[in-house]
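Here are my notes on the model you sent over. They run from the whole chain down to single residues.

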Amino acid sequence: MEKNYTSEQQASELNKLMAIASDAQLSADIRSRAIKSMGSMGSHDALLCLLEIVASDANSTKEREMALKQAHSIVKRGR
């Protein structure tokens with residue numbers, strides 16, 4: 001379910017989700033939910049955030065693959 005955000009709200013939400021997705025102290029489940037939430041936003045900025053997660057060696061392979069899958073989904077929706 002996609003939500004309608006203003007650009008300011010979206011930027012704030014993406015910042016929070018990126019912080020959660022990158023926090024190794026949080027459980028993998030919480031980080032995964034943050035990644036999925038970014039994917040459901042479906043914006044260009046969300047795509048860039050997901051690709052940043054994919055490129056980061058700090059994230060687990062599973063999380064990087066999930067972020068790549070969410071990024072792919074955003075690209076497909078944009079066609």
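1. Surface first. The protein chain exposes about 5,300 Å². Carbon and sulfur atoms supply 51% of that area. Keep in mind that this is a predicted model.

2. Fold. The protein chain has four helices and zero strands. Read along the sequence, the pattern is α-α-α-α.

3. Overall dimensions. The C-alpha trace spans about 30 × 25 × 20 Å along its principal axes. The radius of gyration of the protein chain is 12 Å. That agrees with the value near 12 Å for a compact globule, because the chain has 79 residues.

4. Packing. Of the 79 residues, 33% count as buried. Take the contacts with a separation of 6 or more: residues 24 or more positions apart account for 54% of them.

5. Charge. The protein chain carries 11 positive and 10 negative side chains. The centres of the two sets lie 8 Å apart.

6. Salt bridges. How many does a search of the whole structure find? It finds three. Each is taken in turn below.

7. Asp-29 and Arg-33. Their side chains meet in a salt bridge, at 2.8 Å from N to O. Both residues sit in helix α2, which covers residues 28–41. They are four residues apart, so about one helical turn separates them. Asp-29 counts as partly exposed, at 46% relative accessibility. Arg-33 is also partly exposed, at 48%.

8. Arg-31 and Glu-63. Here the side chains meet in a salt bridge at 2.6 Å, N to O. Are the two partners buried or exposed? Arg-31 is buried, with a relative accessible area of 12%. Glu-63 is buried too, at 3%.

9. Asp-57 and Arg-64. Their salt bridge is at 3.5 Å, N to O. Asp-57 is exposed, with a relative accessible area of 67%. Arg-64 counts as partly exposed, at 25%.

10. Asn-59. Where does this residue lie? Asn-59 is in the loop between α3 (44–55) and α4 (61–77). It is buried, with a relative accessible area of 9%. Leave aside neighbours within four places in sequence, and Asn-59 is in contact with Ala-21, Ser-22, Ile-53 and Arg-64. Arg-64 is also the salt-bridge partner of Asp-57.

11. Leu-14. This residue lies in helix α1, residues 7–22. Leu-14 is buried, with a relative accessible area of 4%. What does Leu-14 touch, not counting residues up to four places away in sequence? The list is Met-38, Met-41, Ser-43, Asp-45, Ala-46 and Cys-49.

12. A distance to check in the viewer. Leu-14 and Arg-77 are 63 residues apart in sequence. In space they are 19 Å apart, C-alpha to C-alpha.

Terms used
Residues are numbered from 1 along each chain as its sequence is written. This is a predicted model: local features need pLDDT of at least 70, side-chain atom pairs count only at pLDDT 80 or more; totals for chains, interfaces and linings use all residues. Side-chain values use heavy atoms; hydrogens and water are left out. Helices (H or I, at least four residues) and strands (E, at least two) are DSSP runs, numbered from the N terminus. The radius of gyration is taken over C-alpha atoms; the globule rule is 2.2 Å times the number of residues to the power 0.38. Buried means under 20% relative accessible area, exposed over 50%, partly exposed in between (1.4 Å probe, protein chains only). Contact means heavy atoms within 4.5 Å. Accessible areas come from the Shrake-Rupley method with a 1.4 Å probe; for residues, only the protein chains shown count as cover. Lys and Arg count as positive and Asp and Glu as negative; His and the chain ends are not counted. The place of a charge is taken as NZ of Lys, CZ of Arg, CG of Asp or CD of Glu. A salt bridge is a side-chain nitrogen of Lys or Arg within 4 Å of a carboxyl oxygen of Asp or Glu.
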